[in-house]
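Please examine the sequence and the structure shown below.

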Amino acid sequence: MLEGRLLGGAIVMWMLAWRWVVPMGESAIGVNWGTVSFHKLKPSTVVDLLKDNKIPKVKVFEAEPEVLKALMGSGIQVMVGIPNEMLALLSTSPAAADLWLRQNVSAYIGKDGADIRYIAVGNEPFLASYNGEYQNLVMPAILNLQQSLVRANLASYIKLVVPCNADAYESSLPSQGAFRPELTQIITQLVQFLNSNGAPFVVNIYPFLSLYDNKDFPQDYAFFEGTTHPVTDGNNVYTNAFDGNYDTLVAALTKLGYGQMPIIIGEIGWPSDGAIGASITAAKVFNQGLISNVLNSKGTPLRPGAPPMDIYIFSLLDEGAKSTLPGGFERHWGIFSFDGQAKYPLNLGLGNKELKNAKNVQYLPSRWCVASPSIDAQNVANHMRIACSVADCTTLDYGGSCNGIGEKGNISYAFNSYYQLQMQDSRSCNFDGLGMITFRDPSVGDCRFLVGVADKGSDSSVSQTRYQWWVLLPFLIIQLSLLFQCDSEFS
């Protein structure tokens, strides 16, 4: 045990020394790296993409071993997430918290290791649509994990945070911002904990969703180029939704006595496809406007000269396997397409004037599956439905980049999406004789018919969650058996 303590102490001393070496700039630009994709790049390829674009910070949603291994020695600062589904176990079992930390953090840090700075406990656990499912699990989980950090001699270096959705607070005017009444007590406990441990408040802000969900929302107010619908709040005038939303949070924190708490934007971005208003042009205008707005250090009316600590753009890559329940746009948030190719010129303010594409991507051969010229569209609906139930056809949605390519074009797009997902297995292009393989790119205008990547990356985050559950399940069983023993003794 003493040897373990000495080793842990040595690692912490090295990490603290390294922290002083790394420049802690104002308003650093980071990205979210999601892996819910059918066509995944190798994690090492993605890390090289981050480094080539000089992106200093990355937020990952789970502790996927292949991802964390690839980040080791990269110098990129990491925020690693814990899924909401794990909060119940971590909130009841200190042993499970110890095990999670040992397997998913301690195993990757140290000299030439991953530079993990934050652990995100849950992801938007206070979201109103969850109806309080995770609300009472957050603080117990945080307290158990904090004790685990203390026992591992990591509490002075790695901070626990909770990414909150912007629906955690509400107001008609920014200065009147307040947390939802049912959250006041838990958020108060959370910010007290964050403040005492020197951790920031993390919030996800999505002006696109405000526009998408509300037909009366002024479109130009979602961007940063001025608006014909400014919001006047006393002496303050807001010309964009981000500043207004941000100051609503500042006002809400002020009401709790923590008006100066550092704030990190955990997620913000604009999708490039899959819905009305989601386009490459709009995504470029929003993201470039956001970056310029933050890097000018102007701040907001309630925090002049003090922009957010960090901003993590959502997201790095498109994720074609995400749920489309909110809308088809969910699969198109990336500033890069699934294969690491930049969708549009974007200056992140990090030294490169434009994004650099991923290198050495191994594609499948240049061939596509399309509808046969003699196809009878009347007999293909079921095949198309099956193909799209497995593959990603969201660009065919109303407002999508492939929505206007005609009926046969839609059929071909669906067939090809399925064919590429099946690694170009010739049998997957049969569709009862309705499909055919072509070597001529059928892409039309902005509608790109993809070619899959040959080297699939790491396991999906879903399988990783299952793995962590299987590892931690014995601890839950032990906890339950102890409870039953206690009950039987007192009955």
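Predicted model: local features only at pLDDT ≥ 70, side-chain atom pairs only at ≥ 80, totals over all residues.

The report begins with the sheet and then turns to the helices.

One of the pairs is formed by strand 3 (residues 77-82) and strand 4 (residues 115-121), which are joined in the parallel sense over 6 bridges. Within this region, Gln77 stands opposite Asp115 in strand 4.

## Strand 1 and its partners

Strand 1 (28-33) runs parallel to strand 15 (residues 310-313), and 4 bridges join the two. Here Ile29 has Ile311 of strand 15 opposite it. Strand 1 also runs parallel to strand 2, again with 4 bridges; in this case Gly30 stands opposite Lys57 in strand 2.

Is strand 1 buried or exposed? Of its 6 residues, 6 are buried, so strand 1 is largely enclosed by the rest of the structure. Both of its faces are covered. On one side lie the buried residues Ala28, Gly30 and Asn32, while Ile29, Val31 and Trp33 are buried on the other.

## Helix 2

Which residues of helix 2 (residues 43-52) are buried? They are Pro43, Thr45, Val46, Val47, Leu49 and Leu50. The elements that cover these buried residues include strand 1, strand 2 (57-60) and helix 3 (65-71).

After helix 2 comes Lys54, a residue with a positive phi, near 60°.

## Helix 5 against helix 6

Helix 5 (residues 94-104) and helix 6 (residues 138-151) have axes that come within 9 Å and cross at roughly 55°. That angle makes helix 5 oblique to helix 6. The crossing of the two helices is right-handed.

On the side of helix 5, the contact is made by Pro94, Ala97, Asp98, Trp100 and Leu101. Helix 6 contributes Asn144, Leu145, Ser148, Leu149 and Arg151. By class, the residues of this contact divide into 6 nonpolar, 2 polar and 2 charged.

## Helix 6 against helix 7

Helix 6 also packs with helix 7, at an angle of about 20° and with the axes 11 Å apart. Angles under 35 degrees count as roughly parallel, and helix 6 is therefore roughly parallel to helix 7. The crossing in this case is left-handed.

Which residues of helix 6 meet helix 7? They are Met139, Ile142, Leu143 and Gln146, and their counterparts in helix 7 are Ile186, Gln189, Leu190 and Phe193. The contact of helix 6 with helix 7 has 6 nonpolar and 2 polar residues, with no charged residues.

Definitions and conventions: Residues numbered from 1 in each chain as written. Heavy atoms only, no water. Axes fitted to C-alpha atoms, helices over the stretch in contact; angles between N-to-C directions. Parallel < 35°, antiparallel > 145°, perpendicular 65-115°, else oblique. Left-handed = near helix turned anticlockwise from the far one by under 90°. Contact = heavy atoms within 4.5 Å. Nonpolar A, V, L, I, M, F, W, Y, C, P; charged D, E, K, R; others polar. Pairing = 2+ DSSP bridges. Buried < 20%, exposed > 50% of the residue type's maximum accessible area, 1.4 Å probe, protein only.
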